[in-house]
Amino acid sequence: MAPSCGTADVPYTLLSALLSGGGPSWPACGGRAFLRDYTQRGTNALLWAGLLAVTWVLLLRVSALFRLWALGSRLPGPPALLADPGLAAVCRAGGDITGYLSKLHGTFGPVVRLWVGPSQLLVSVKDVSLIKQILAKAEDKLPLTERTYNLACGRLGLFISSFEKVKSSRGLLEVFLNEKLNIGASGSSFKIIEAILDRVDSTTDKDSPDCRYFSQHMAFNIIGAALFGEVFFDWSDAAAYEELLMIVAKDSCFWASYAVPPFWKPGYRKYRSLCAKLKILTEGIIRKSIEQSSLLGHNDLRFCKKSEGVVKDPVGCTSLLDGIISGRCLYGAVEGSLSSEEEICGNVVGLMLHGISASANLIGSILTRLVLYPKLKDQLYVDIVAVCNQSSELEVDDVLRMQFLLATVCESARLLPAGPLLQRCSLQHDLTLKSSIIIPAGATLVIPLHLVQMDVSVWGHDACQFNPSRLLQKDIDLGEILAAHKGSNRIKLFTECDKTDSFLPFGSGSRACVGQKFAILGISMLIASLLLNYEVQPQPALSREMDLAVDSNNLGHLPNPKLILTGRKI
């Protein structure tokens, strides 16, 4: 008869079983009973460990939430426990967020807190001195911004929320963009205009293009030419690429707002397929640019020398992509198993999306003013011709002497920035400002640009009116962001501190737009080339309507007139 199998005979641990040698009943029942008991006890231990870990994480989250509530409640703002109903109503109706924030600032002062949700705190700041501190200390972008670019472009290194992870790549990119202004800028400007006119002529709709249509093509071509060089003008898929870019940019923020990717939604799957097509087209133009650079011999390190991660001679690179490849300025921006080709492709798509959205708005506002205000156009032409009449080719130094043109571009950027809100955050540390104001880590910081850049106390009683001459006054001198390359005279945008801190179309501080000089000077050169070679006129049938629609220089909301370009007689 087999011995009975009791629990007392089962070793308590694996070590006990080995030391006891098994016991008399071990051969009969010890194997199964011991493993079953050992498995149960191990599973229970793992479950308890997991429960304790989850509980600890939840406690940390809850304590952080209570801390956010405690610090947020000290800031002035409307009494809302979970979410501000007024802000939610404005967002649902697609209303004027700037106008809503203006009312709140009028009631609660220069700092206003709003609860977007139970764990989402939004802090709006209008005071110029506080803004300067915030932009110097809050170096991080919103996590939603990083998710948006990752979704549309793939994983990339230039649009990471944390400033420390992207600091070196931003510095090298700024060098390339600034040096690109010195490499055939005049020829590229003229080719951009020709490419747009060819595109307009090739469309089935022979009607005159409107300012938004024309400005989008201008922005697309100027960014594309900077990234890929002159091969971009002969690319047969350029029109399809531009259309796909606009579709992807339009829906990226919506789909990135989901905490969990909604794979079950057909719209999301369609969007992902569009992103895949965009990647394929980007890889195609990258290959063409590399082949062109190789044929010209510019992809040799003799032309783009690299030392300790910094490109010493970016002038030898015919395009920004050529410099990226030779100097590795974007390599290593993304840590992980991704290949360099994937990193470059993602960063290129991100630069195209960001560059087009930022510059198209500014170009469109300038073109609209050229169409609506003939006196402005004539004054700009006189300013441009006065500099270029003795020069055979337009150079950066020539543009820097066109004071009224630069003032027009900067004034347009002041009145109509790329977005209504400048957003920052500090992911890890609280921000301590003057007057003992503490903004908790993780809070979304917004600066209402229209309120700051049209502040009557800083810009005068005509702050909301278009007046480039305000930037040509004796106490104001055009631009630190317009500083010329080495060897040229450096000039400052404003000598008045208040105006410097209140001019924020490209941000400020360590996370300011690295392409601000490239944008201002590149767009100025583009406008100069346009006016030198073409007469810009409104469509005759709409001239009278435009006169009725615009009764002053108040440019709160610009119309979108159609324009006609007529070649100037030499």
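## Cysteines

A search of the whole structure finds zero disulfides, a disulfide being a pair of cysteine sulfur atoms within 2.5 Å. This is a predicted model, in which local features need pLDDT of at least 70, side-chain atom pairs count only at pLDDT 80 or more, and totals for chains, interfaces and linings use all residues. Residues are numbered from 1 along each chain as its sequence is written, and side-chain values use heavy atoms, with hydrogens and water left out.

Cys345 is buried at 2% relative accessible area. Buried means under 20% relative accessible area, exposed means over 50%, and partly exposed lies in between (1.4 Å probe, protein chains only). Cys211 is also buried, at 1% relative accessibility.

## Confidence

The protein has an average pLDDT of 76. This score is the predictor's confidence in each residue, from 0 to 100. At least 70 is reached by 71% of the residues. Among the elements, strand 8 (residues 444–448) has the highest mean pLDDT, 91. Strand 3 (residues 306–307) has the lowest, 38. Helices (H or I, at least four residues) and strands (E, at least two) are DSSP runs, numbered from the N terminus.

Two stretches call for care. Over residues 325–339, pLDDT stays under 50, and the model has 35 contacts there beyond four places in sequence. Contact means heavy atoms within 4.5 Å. Residues 547–556 also stay under 50, with 14 contacts beyond four places in sequence. Where pLDDT is low, the predicted coordinates should not be read in detail.

## Nonpolar cores

The largest nonpolar core has 102 residues. Such a core is a set of buried Ala, Val, Leu, Ile, Met, Phe, Trp, Tyr and Cys residues joined through side-chain atoms within 4.5 Å. Met218, Phe228, Tyr241, Met352 and Leu367 have the most contacts inside the largest core. Helix 13 (residues 340–372) gives the most to this core, with 16 residues. A second, separate core has 23 residues, including Val125, Leu422, Leu431 and Leu504. In soluble globular proteins, nonpolar side chains tend to be buried together.

Which residues does Tyr241 touch, leaving aside neighbours within four places in sequence? They are Phe220, Trp235, Leu278, Leu281, Thr282, Val349 and Met352. Ala239 lies in helix 10 (residues 238–256). Ala239 is partly exposed, at 32% relative accessible area. Ala239 and Phe220 are 19 residues apart in sequence, with 9.9 Å between their C-alpha atoms.

## Salt bridges

A search of the whole structure finds six salt bridges. In each, a side-chain nitrogen of Lys or Arg is within 4 Å of a carboxyl oxygen of Asp or Glu. Arg67 and Asp430 form one, at 2.3 Å from N to O. Arg67 is in helix 2 (residues 26–73) and Asp430 in the loop between strand 5 (421–425) and strand 6, so the pair ties together parts 363 residues apart in sequence. Arg67 is partly exposed at 44% relative accessibility. Asp430 is partly exposed at 27%.

Asp398 and Arg401 meet in another salt bridge, at 2.7 Å from N to O.

The closest N and O atoms of Arg470 and Glu411 are 2.9 Å apart, in a salt bridge. Arg470 sits in the loop between helix 18 (456–459) and helix 19 (497–502), while Glu411 is in helix 16 (residues 403–415), 59 residues apart. Both Arg470 and Glu411 are buried. Salt bridges with shared partners join Glu411, Arg414, Asp462 and Arg470 into one network.

Helix 16 is mostly covered, with 12 of its 13 residues buried. Among them are Phe404, Leu405, Val409, Glu411 and Arg414. At 1.5 Å a residue, helix 16 should span 18 Å, and its end C-alpha atoms are 18 Å apart, which agrees. The expected span is 1.5 Å times one less than the number of residues.

## Lys434

Lys434 lies in the loop between strand 6 (431–433) and strand 7 (437–439). Lys434 is partly exposed, at 40% relative accessible area. Beyond neighbours within four places in sequence, Lys434 contacts Asp127, Ser129, Leu130 and Gln133. Lys434 and Leu130 are 304 residues apart along the chain, yet 7.4 Å separates their C-alpha atoms.
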